[in-house]
Amino acid sequence: KLFSPGSVVAIDLADARLEAAKRFGADVTINSGHQDAVAIVQALTDGLGADVAIEAVGVPESFELCTELVRPGGHVANIGVHGQPATLHLESLWIRNVTITTGLVDTYSTPTLLRLVTARQIEAAQFVTHRFNLQQMNEAYDVFARAADTGALKVVLSR
């Protein structure tokens, strides 16, 4: 919402994450396990598709979904960490003039984000769903690894 988009659509397979996305400002949530995400986004955008589709999961299916959701001239931002190959359908993307960028989180925006947190324009604490001490590290990793079942968003470890 910092960039004032017309609307934010969150797509996931886990209802708990979709509920969190709604709390954090998503205008529309779609469970792609039960709903046709492409059809819904097409309907929401008068058939154009998304201006920007952000892949943040790191699985081939979510990357490929983003390439289907994005409008001609749009942008796919891939920030998910992929452990498996994903298919890049150039046969359908080239004619649509889609830009795809990839990359891990960098520190470029950290000073701005810290100022926003300090000014309480971003409430960082709302992202923390679980807290563990360092002796519970294995349990913390297990909870985060099963985020769809545990509802974990951010897990905090402390001394």
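## Loop residues with positive phi

In this predicted model, Asn97 sits in the loop that runs between helix 4 (90-93) and strand 5 (99-102). Although Asn97 is not a glycine, its phi is positive, at about 55 degrees. The relative accessibility of Asn97 is 58%, and because the cut-off for an exposed residue is over 50%, Asn97 counts as exposed.

With a relative accessibility of 64%, Arg120 counts as exposed.

## The nonpolar cores

Seven residues make up the largest nonpolar core, namely Ala53, Phe63, Cys66, Val70, Val76, Leu93 and Val98. At least two residues of this core come from helix 3 (60-69), and at least two from strand 4 (70-78). Apart from this core lies another, of six residues, including Ile30, Val41, Leu65 and Leu69.

## Surroundings of Val70

Val70, one of the residues of the largest nonpolar core, is in contact with Gly49, Ala50, Asp51, His75, Val76, Arg96 and Val98, once its neighbours within four places in sequence are left aside. Among these contacts, Val76 and Val98 are themselves listed in the largest core, while the others named include Asp51, His75 and Arg96.

Notes: Residues are numbered from 1 along each chain as its sequence is written. This is a predicted model: local features need pLDDT of at least 70, side-chain atom pairs count only at pLDDT 80 or more; totals for chains, interfaces and linings use all residues. Side-chain values use heavy atoms; hydrogens and water are left out. Helices (H or I, at least four residues) and strands (E, at least two) are DSSP runs, numbered from the N terminus. Buried means under 20% relative accessible area, exposed over 50%, partly exposed in between (1.4 Å probe, protein chains only). A nonpolar core is a set of buried Ala, Val, Leu, Ile, Met, Phe, Trp, Tyr and Cys residues joined through side-chain atoms within 4.5 Å. Contact means heavy atoms within 4.5 Å.
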